[in-house]
Amino acid sequence: VDIMADSIWYYYTNNGTSQITLSSVITQNFNSTNGITKYFSLLLNNSVPSGADLIINTYNTQGKHEELLILEGNGSNASDSVGRIKYFYDAQGRNSIDTAYDYDLGDWSAVAVFEYVYDANSNITSIKFKSQNNSGAWITLLEYDHTFYPNNKLQTVIGLQDNTGSGNLMP
């Protein structure tokens, strides 16, 4: 039997006193396969709401994570969309691409992409982090290449990084 908290309340003790004050409340909703569908965090300052974060997760018909939406609030009833991640899968159901978006001036803009490459044994052989350079072209800024022994245990990890924004990766 799994026991999952649908709410968590954080308290702290004020400096030098024994007074206990509520600092934040987190609530979560779950779907039928125990995936978190909604995560809400209310921040308090001297028991007065001072900010809030709401994360909404959606899942596809296979139960795979499809999207994460991040909303931030200022403690009142207003919330702004600030971030979004979309998850994409290959024909074998493996996570192949994660795309992160920022919300700005009423529109979503892709700001980062993670690409995953697998071998025939479903080992991740490459992870690439891509972003746009100053001219708007997508370039790989960071890459990890993995090799595996015949028994599928990890053998090596090689990290490559672009420190200049030119797309040239160096170890």
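How many salt bridges does a search of the whole structure find? The search turns up 3, where a salt bridge means a side-chain nitrogen of Lys or Arg within 4 Å of a carboxyl oxygen of Asp or Glu. Before we walk through them, some housekeeping: this is a predicted model, so local features need pLDDT of at least 70 and side-chain atom pairs count only at pLDDT 80 or more, while totals for chains, interfaces and linings use all residues. Residues are numbered from 1 along each chain as its sequence is written, and side-chain values use heavy atoms, with hydrogens and water left out.

Let's start with Arg84. Its salt bridge partner is Glu67, with the closest N and O atoms 2.5 Å apart. That pair links distant parts of the chain, since Arg84 belongs to strand β6 (residues 79–89) and Glu67 to strand β5, 17 residues apart. Strands here are DSSP runs of E, at least two residues long, numbered from the N terminus (helices would be H or I runs of at least four). Both Arg84 and Glu67 are buried; buried means under 20% relative accessible area, exposed means over 50%, and partly exposed is what lies in between, using a 1.4 Å probe and protein chains only.

Now for another of the salt bridges, the one between the side chains of Asp90 and Arg94, at 2.9 Å from N to O.

Glu115 has a relative accessible area of 23%, so it counts as partly exposed.

On to the aromatics. The structure holds 2 aromatic pairs; rings of Phe, Tyr and Trp (its six-membered ring) pair if their centres lie within 6.5 Å, with planes under 30 degrees apart called stacked, over 60 edge-to-face, and the rest tilted. One of them is Phe114 with Phe129, a tilted pair at 5.1 Å centre to centre and 45° between the planes. Phe114 lies in strand β8 and Phe129 in strand β9, so the pair ties together parts that are 15 residues apart in sequence. Phe114 is partly exposed at 33% relative accessible area, and Phe129 is partly exposed at 23%.

Strand β4 (residues 48–59) and strand β5 (residues 65–73) run antiparallel and are joined by 8 bridges; two strands pair if DSSP finds at least two bridges between them. Asp53, for instance, has Glu72 in β5 as its bridge partner. The hairpin has 5 residues between the strands, and Gly63 takes a positive phi near 85° there.

Leu105 has a positive phi of about 55°, and sits in the loop between β7 (95–104) and β8 (107–118). At 82% relative accessible area, Leu105 is exposed. Ser122 is another non-glycine residue with a positive value, its phi being near 65°. Ser122 is placed in the loop between β8 and β9 (124–132), and it is partly exposed at 39% relative accessibility.

Finally, the surface. Trp9, Tyr11 and Ile20 form a nonpolar patch with about 380 Å² of accessible area together. Areas come from the Shrake-Rupley method with a 1.4 Å probe, and for residues only the protein chains shown count as cover. Patches take residues with over 30% relative accessible area and no salt bridge, joining like charges within 9 Å and nonpolar side chains (Val, Leu, Ile, Met, Phe, Trp, Tyr) within 5 Å. Trp9 lies in strand β1 (residues 7–13), and its 48% relative accessibility makes it partly exposed.
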